[in-house]
Amino acid sequence: MISIDKKLLLFINGHHSYIFDSLMLAATDRFFWIPFYAGIVGYLIWKLRKKALILIPLIALLITAADQFASGLVKPLVGRLRPCHEPSLKDLLHLVKDCGGEMGFISSHAANSFALTAFLMLVTRFNNPLSILLISWAILISYSRIYLGVHYPADIIFGWLAGMTLGIVFYVIYKVISGKIEKRLLI
């Protein structure tokens with residue numbers, strides 16, 4: 001599996017251009033996405049009204065949980081080097097920017113984006129254009145991490161799994177909290 005992971009990384013990273021370098025740098029930059037996040041918040045407020053008061057703080061907790069799970073727990077436990085820190089790959093990779101932290105398994109970017117995607121898709125019941133937008137966004141961010149040579153494909157896949165799991169857990173928490181609030185308002 002490690003051999004396949006390296007080959008796939010080198011294939012994706014090896015197909016680069018100036019335009020894609022710029023696009024992938026933007027895709028991986030959290031500040032680039034601020035208008036996107038503001039749009040999501042606006043959409044939630046517009047579509048879900050008072051429930052957004054529960055959702056927005058819960059989303060902040062979800063992203064914090066996903067990030068801490070990936071970076072604070074799994075990366076130190078597993079201790080797998082990022083490809084850009086791997087001595088056997090250093091000269092083979094096309095690096096566009098700094099490598100980042102030493103450890104890469106699992107990808108925090110993948111965990112965070114898929115946690116938010118899974119959570120919001122469950123909240124909005126999959127039946128809106130937001131679902132397609134969120135999936136596309138999360139895949140673009142994840143792909144950019146491999147393209148830039150800072151994560152192996154397995155780092156991304158396991159980041160997706162962790163993120164989706166946390167998204168589901170937080171959706172259950174949201175349903176419990178919103179159900180209790182609705183009961184109190186009816187009494």
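The model is predicted: local features need pLDDT of at least 70, side-chain atom pairs count only at pLDDT 80 or more, and totals for chains, interfaces and linings use all residues. Residues are numbered from 1 along each chain as its sequence is written, and side-chain values use heavy atoms, with hydrogens and water left out.

Start with the charges. A search of the whole structure finds 2 salt bridges. The term means a side-chain nitrogen of Lys or Arg within 4 Å of a carboxyl oxygen of Asp or Glu. Arg80 pairs with Asp5 at 2.8 Å, N to O. That pair links distant parts of the chain: Arg80 sits in the loop between H4 and H5, Asp5 in helix H1 (residues 2–14), 75 residues apart. Helices here are DSSP runs (H or I, at least four residues), numbered from the N terminus. Arg80 also meets Asp155, at 3.3 Å, N to O. Asp155 lies in helix H7 (residues 153–186), so this pair ties the loop between H4 and H5 to a part 75 residues away in sequence.

Arg80 is buried, at 19%. Asp5 counts as buried at 7%. Asp155 is buried at 0%.

A disulfide is a covalent bond between the sulfur atoms of two cysteines. The rule used here asks for a pair of cysteine sulfur atoms within 2.5 Å, and the count comes to 1. Cys84 and Cys99 form it, with their sulfur atoms 1.5 Å apart. Both cysteines lie in the loop between H4 and H5, so the link ties together parts that are 15 residues apart in sequence. The link is right-handed, with 70 degrees about the S-S bond. Cys84 and Cys99 are buried.

Leu95 is in the loop between H4 and helix H5 (108–123). Leu95 is partly exposed, at 36%. Leu95 touches Cys84, Leu148 and Gly149, not counting residues up to four places away in sequence; contact means heavy atoms within 4.5 Å. Leu95 and Asp21 are 74 residues apart in sequence, yet 9.2 Å apart in space, C-alpha to C-alpha.

Finish on the surface. Leu77, in helix H4 (residues 52–78), is exposed at 66%.

Key
Helix = DSSP H or I, 4+ residues; strand = E, 2+ residues; numbered from the N terminus. Buried < 20%, exposed > 50% of the residue type's maximum accessible area, 1.4 Å probe, protein only.
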